[in-house]
Amino acid sequence: MESFGCISSVLGCSACVALTGVVFAAYKLGVIYQLFHKTETKSPRHGGESVAEVLRAHGIQFLFTLVGGHISPILVACEKVGIRVVDTRHEATAVFAADAVARLSGTVGVAAVTAGPGLTNTVTAVKNAQMAESPLLLLGGAAGTLLQGRGALQDIDQMSLFRPLCKFCASIRTVREIVPTLRKALAIAQSGTPGPVFIEFPIDTLYPYHLVSKEFAVKNPPKGLMGKIVSWYLNNHLMNLFAGAWETRDVSPLPVHIPQATDDQVQRCIELVSRAKKPVILLGSQATLPPTPAEDIRKALENLGIPCFLGGMSRGMLGKDSPIHIRQNRRDALKEADLVLLAGTVCDFRLSYGRVLSRRSKIIAVNRDKSQLLKNSDMFWKPTIAIQGDAGSFIVRLSKGLKGHRCPEEWPQSLKAGDSTKEDANRAKANEKTEHHLNPLKVLHCVDELMAEDSIIVADGGDFVGSAAYIMRPRGPLRWLDPGAFGTLGVGGGFALGAKLCRPESEVWIVYGDGSLGYSVAEYDTFTRHKTPVISVVGNDACWSQISREQVPILGSNVACGLAFTDYHTVADGYGGKGYLVRREDENRLSDIIKQAQRDAKEGKATLLNVLIGKTNFREGSISV
């Protein structure tokens with residue numbers, strides 16, 4: 001009897017295991033879900049409509065794309081709900097444009113591209129957004145849910161490509177997942193340290209049931225039991241794909257979580273700053289992120305009266321001629337400073353990995369990202385206080401805590417005097433004659449003097465743009481766009497497109513090197529079609545000069561550095577814009593030509609000034625401070 005009881009127990013356990021397995025399989029196959037949620041086989045709706053509904057609810061105004069059949073339902077649905085769909089000539093440009101919108105609007109920038117090569121073309125732009133900490137949503141097409149890994153057209157493992165680049169990656173498996181997955185992705189993109197997120201849409205999750213069902217139909221199914229199993233599996237997969245797809249769901253934004261300094265940390269910093277005689281603030285791009293308005297940060301900085309060095313997106317934060325904005329001699333100022341506030345600034349190559357900071361200085365570091373906050377602190381520098389929190393709101397709280405206190409005026413005045421001396425020397429260099437063509441410094445000074453007060457400057461290049469960073473002065477907050485720490489060439493067309501759409505009333509200037517122009521000159525077609533009349537100034541010295549100036553003396557060869565004095569202005573004409581060739585003999589008319597370009601832009605023409613420039617010995621280093 002004992003043996004019989006043991007056998008019964010074993011059989012009972014086996015039955016439980018088998019039943020558990022059946023239930024789990026039914027759950028994974030969606031059989032249980034289908035018992036409670038209807039599949040509306042007659043509905044003409046499609047997954048693209050769910051995408052558009054969520055994007056509209058999150059305040060998205062623009063969707064950048066290069067069209068592909070995998071993503072057509074998203075584009076059509078977005079257009080129907082009033083989201084402007086802007087198609088570009090390269091997928092990277094679509095992502096760069098979305099990046100610019102994110103930076104200037106305080107929302108998430110959105111791009112949609114097709115499967116396979118459409119997505120691989122975006123990799124550099126997505127990495128740039130990651131390093132620039134831009135909240136960006138990339139929507140990508142994909143092979144059908146049952147065809148992935150089976151050799152379908154443009155089918156690759158896209159998730160493996162984007163997981164290292166994005167804060168969040170997801171592949172939609174059923175239509176009902178679209179809304180909650182998008183809401184989650186959009187919140188993650190903006191929370192903590194902002195960055196890109198990626199959602200993959202297999203093609204059968206975007207098209208309507210009646211079309212997808214045709215693809216699932218088996219023309220010659222196997223006979224017998226195997227045929228029945230295959231037919232049941234395909235039909236169940238189809239029904240589960242659309243089960244509960246059109247039930248009412250919440251599409252509103254989820255909460256965004258932003259780290260903040262504690263009251264105790266702010267108070268300790270107030271005490272340090274109040275005792276400092278020679279404090280300096282290094283303001284980075286991160287300080288411009290939401291939720292603190294840039295205007296509030298500007299007022300806080302002015303109330304503190306502490307000399308500021310502005311880098312990246314924070315350029316222009318203090319306007320054109322602020323007495324506390326210091327543009328030159330940063331290394332010398334840091335040696336003399338007794339307190340340095342790194343507000344969203346990172347000790348990477350741009351600060352010589354922290355080696356430019358004096359060991360005698362008190363250092364306050366504020367950054368949303370812990371790894372960036374403490375980068376290289378184990379080697380070359382040590383923070384007195386390290387705060388993982390939002391830099392913009394920290395500055396406002398610091399200013400309120402120091403109400404009535406100002407930095408001793410003789411300190412910013414002495415730094416400003418050094419600024420004037422250096423800038424007078426730079427202006428003198430601008431008046432020198434180059435051996436051939438126009439002096440690039442003179443060209444940049446002339447543009448700076450004539451551009452409108454509401455201008456946005458887009459920097460895309462090396463040598464010419466490096467000079468522009470020290471000469472051109474953004475007139476206000478969020479009026480300078482450069483790639484950031486990744487140093488990517490090719491951002492110009494996309495950044496300018498996004499900027500002009502966000503600020504249609506503003507002049508948008510692209511400062512191009514002739515090398516970088518090659519990446520996005522085709523976007524003059526986009527500027528024309530979408531009526532975004534930007535102005536480009538191309539420093540054409542027929543060379544990758546930033547590389548050549550070191551390669552030639554070190555290695556004795558100019559191989560691969562030489563370009564040609566190409567007629568880029570003609571390319572702009574061909575794409576429906578307006579191009580001008582500017583040569584040495586046009587030097588006395590330079591101002592008139594720039595003013596004509598401004599008039600052309602106001603009349604709706606995207607304009608390109610192809611300026612032939614000579615060589616100078618002016619060299620100031622990286623632009624992305």
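Visitor: How many salt bridges does the rule find across the interface of domain 1 and domain 3?

Guide: Across the interface of domain 1 and domain 3, the rule finds 2 salt bridges, a salt bridge being a side-chain nitrogen of Lys or Arg within 4 Å of a carboxyl oxygen of Asp or Glu. The model is predicted, so that local features need pLDDT of at least 70 and side-chain atom pairs count only at pLDDT 80 or more, whereas totals for chains, interfaces and linings use all residues. Residues are numbered from 1 along each chain as its sequence is written, and side-chain values use heavy atoms, with hydrogens and water left out.

The domain assignment of the protein chain gives domain 1 (47–242), domain 2 (263–413) and domain 3 (431–612); such bounds come from an automatic or database domain assignment. The C-alpha centres of domain 1 and domain 3 are 34 Å apart. To their contact, domain 1 gives 23 residues and domain 3 gives 26 residues, where contact means heavy atoms within 4.5 Å. Between them the two domains bury about 2100 Å², and 67% of this is on carbon and sulfur atoms. Buried area is the accessible area (1.4 Å probe) that two parts lose on being put together, summed over both.

The polar side of the interface comes next. Between domain 1 and domain 3 there are 11 residue pairs in polar contact, both residues at pLDDT 80 or more. A polar contact is a pair of N or O atoms within 3.5 Å; within protein, one must be able to donate a hydrogen and the other to accept it, and residues adjacent in sequence count only if both atoms are side-chain atoms.

On the side of domain 1 that touches domain 3, the elements giving two or more residues are β1 (62–66), β2 (84–87), α5 (91–105) and α7 (123–132). Helices (H or I, at least four residues) and strands (E, at least two) are DSSP runs, numbered from the N terminus. The largest share of this side, 9 residues, comes from α5. By class, this side of domain 1 has 11 nonpolar, 6 polar and 6 charged residues. Here Ala, Val, Leu, Ile, Met, Phe, Trp, Tyr, Cys and Pro count as nonpolar, Asp, Glu, Lys and Arg as charged, and the others, Gly among them, as polar.

The side chains of R529 and D87 form a salt bridge, with 2.9 Å from N to O. D87 is also touched by T526, a residue of helix α22 (residues 523–529).

Elsewhere, R475 pairs with E453 in a salt bridge whose closest N and O atoms are 3.5 Å apart. R475 lies in the loop between α19 (463–471) and β13 (480–481) and E453 in the loop between α18 (440–450) and β12 (456–460), so this pair ties together parts that are 22 residues apart in sequence. R475 is buried at 10% relative accessible area, whereas E453 is exposed at 53%. In the whole structure, the search finds 25 salt bridges.

Terms used. Buried means under 20% relative accessible area, exposed over 50%, partly exposed in between (1.4 Å probe, protein chains only). Lists of a residue's contacts leave out its neighbours within four places in sequence.
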